[in-house]
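This report covers the chain interfaces first and then a few selected sites. Please keep the sequence and the structure in view while reading.

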Amino acid sequence: MIKRVVVLLTLVLLALVFSDLVLNYIESPVLSPLGHYYATNGPAELGAANLVTSVIVTYRGLDTLGEVTVLFISAAGVGLLLGRREGNAAAAQPRKPASEIVQSAAQLLMPMVFLFGVYVFVNGHLTPGGGFQGGAIIASGILLLLLAQPYAVVSRRLIGITESLSGFSYVVVGVLGVILAGGFLDNRIMGLGQFGSLFSAGAIPIIYILIGFKVGSELGSVLDRFRAGDQ
Amino acid sequence: MLELLGSVIVLTGSVFLFSAGLGVLRMPDSYNRIQTGTKASTLGTILVLLGLAVLHPAWTWKLLILIFFVLLTNPVSSHALARAAHAIHVEETESMIVDRLDESEDAPPSEGQK
Amino acid sequence: MTGLPLSTFALASGLALILIGLLAMLTHKNIIRMIIGFSLVDTGIHLVMVAIGYVTGGSAPIIDDTVTAEQAASRIVDPLPSALVLTAIVIGLGVTAVMLSFAVRIYRAKRSLSIDDCAESKW
């Protein structure tokens, strides 16, 4: 009884604060000074058509490196918590085979899903998308495979090698930025190319391809951990 | 004129989407909820995309491909969810009379069964 | 274009989602429902951040035929909140994955998903 009253009181007070925020909110008519700088200097300096990508990979590149690290730590945490099983092995519980509808749909859809994921992260500097979104799409393709073939074996060694190599190459590209261009994770280590074409914006496509592979294999391994042997 | 037609189609689609949400709230058990949610929301999505194709004729082919993908993936995923719910014995409503999936699983699998 | 205050709607729905998510986290006993409430709070926060970056009449911060490089500074919305929300979505995903694996371990240890059965540390 007391607990409900306290919860209700908290929510009512929070609603009062939020309604004050909403009622006094005024849409900004012009871009903020920082956004103005990104918009005017971004395309000329970095050569990427997608301004959000140029912010994520270059202007705030260190935050992206931290985010990749956080994702790696959470995948390691899931691997630790759902890791080896004490007692009976995973093969003790027979897995239910998938129905025919799911199997046929998976055969039709999986190549399209993987192709779409690769398209999204290769074109990250031209259209909305990028490494993280493409990696999530690839992980959903892996989930489709796990649903359609419950006995499919996902090679953990291959996923581990892909993930580690991609993360390592990302840091190597950053260090190359120190050696060949202005600073850590500078994308001008390669030529800026023609604005709006696929091979433009220096190292941004390379970084996004590496991030796409890393995120895809990481999320795929997390999904595999959740599957292996239920009780 | 074309704009009016397109807006009416989008409005019909949104009515279906609203009824999908209403159905998920009001249905008695999980299997009914899965059924209403999928059917009504798939139809609502298709109608909204069709209305958009009428409003912007330049995007017609892209929207048709989108409709194809929605039609391909939405029912399959709800089918997989419903079979998983049946496998872990999620409880059914009391007014249930016949459970064909139970019957077909108890009977031994025959050779030419589709 | 139509004069509707779009970003105020988005801001209001984001804050409403935060309130609904908090209600879900505080009133349910099932661990999975509390995790869903957490995910709702996450989504609400992302909506609030994107709504704040909106500029009146602005379009997406991507330079192509519709918004050329010279007009960019006057016609796009702020790209910075969108970039921050991208990072926030990924981190929300990581946290949800760890929470769900905790739920799996609790179920394996106690055979129940209700949080009333995990009360050994209560004093």
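## The interface of chains A and C

In this predicted model, chain A brings 48 residues to its contact with chain C, and chain C brings 47 residues. The two chains bury about 4,100 Å² between them. Carbon and sulfur atoms give 72% of that area. On the chain A side, the residues that lose the most area to chain C are A:Tyr25, A:Glu27 and A:Leu81. Together they make up 16% of what that side buries.

Between chain A and chain C, 11 residue pairs are in polar contact, with both partners at pLDDT 80 or more. The count of salt bridges between these chains is 0.

## What chain A presents to chain C

Which helices of chain A each supply at least two residues to the side that touches chain C? They are α1 (2-23), α2 (33-46), α3 (51-59), α4 (61-81), α6 (131-148) and α8 (204-227). The largest share comes from α1(A), with 8 residues. By class, this side of chain A divides into 32 nonpolar, 10 polar and 6 charged residues.

## A site on the chain C side

C:Ala73 gives a local view of chain C against chain A. The residue sits in helix α3 of chain C, which spans residues 72-75. Its relative accessible area is 16%, so C:Ala73 is buried, the cut-off being under 20%. Neighbours within four places in sequence aside, C:Ala73 is in contact with A:Leu31, A:His36, A:Ala39 and A:Thr40. Within chain C, C:Ala73 and C:Tyr54 are 19 residues apart in sequence. Their C-alpha atoms are 14 Å apart in space.

## The interface of chains A and B

There are 2 pairs of chains in contact, and chains A and C share the most contacts. Chains A and B also meet, with 10 residues from chain A and 10 residues from chain B. The area buried between chain A and chain B is about 840 Å². Carbon and sulfur atoms give 77% of it. In chain A, the most area is lost to chain B by A:Lys96, A:Ser99 and A:Leu109, together 42% of what that side buries.

Across this interface of chain A and chain B there is 1 residue pair in polar contact, both residues being at pLDDT 80 or more. Salt bridges between chain A and chain B number 0. The side of chain A that touches chain B has 7 nonpolar, 1 polar and 2 charged residues. Chain B and chain C are joined by no contact. Their closest C-alpha atoms lie 15 Å apart.

## Aromatic pairs in chain A

How many aromatic pairs are there over all chains? The count comes to 5. In one of them, the ring centres of A:Tyr37 and A:Tyr59 are 6.3 Å apart. Their planes meet at 65°, so the pair is edge-to-face, the cut-off being over 60 degrees. A:Tyr37 lies in helix α2 of chain A and A:Tyr59 in helix α3 of chain A, so the pair ties together parts 22 residues apart in sequence.

A:Tyr37 is partly exposed, at 37% relative accessible area. A:Tyr59 is also partly exposed, at 24%. A:Tyr37, A:Tyr38 and A:Tyr59 form one aromatic cluster.

A:Ser217 is placed in helix α8 of chain A. Is A:Ser217 buried or exposed? With a relative accessibility of 9%, A:Ser217 counts as buried. A polar atom of its side chain lies 3.1 Å from the backbone oxygen of A:Lys214. Leaving out residues up to four places away in sequence, A:Ser217 touches A:Ile159, A:Thr162 and A:Glu163.

## Positive phi outside glycine

B:His89 is not a glycine, yet its phi is positive, near 60°. The residue is found in the loop between α3 (60-87) and α4 (100-106) of chain B. B:His89 is exposed, with a relative accessible area of 68%.

C:Arg111 also has a positive phi without being a glycine, at about 65°. C:Arg111 is placed in the segment after α4 (79-110) of chain C. Its relative accessible area is 46%, and C:Arg111 is partly exposed.

Conventions: Residues numbered from 1 in each chain as written. Chains lettered and ligands numbered in written order. Predicted model: local features only at pLDDT ≥ 70, side-chain atom pairs only at ≥ 80, totals over all residues. Heavy atoms only, no water. Contact = heavy atoms within 4.5 Å. Buried area = accessible area lost by both parts, 1.4 Å probe. Salt bridge = Lys/Arg side-chain N within 4 Å of Asp/Glu carboxyl O. Polar contact = N/O pair within 3.5 Å; in protein donor to acceptor, adjacent residues only side chain to side chain. Helix = DSSP H or I, 4+ residues; strand = E, 2+ residues; numbered from the N terminus. Nonpolar A, V, L, I, M, F, W, Y, C, P; charged D, E, K, R; others polar. Buried < 20%, exposed > 50% of the residue type's maximum accessible area, 1.4 Å probe, protein only. Phe/Tyr/Trp six-rings, centres within 6.5 Å; stacked < 30°, edge-to-face > 60°.
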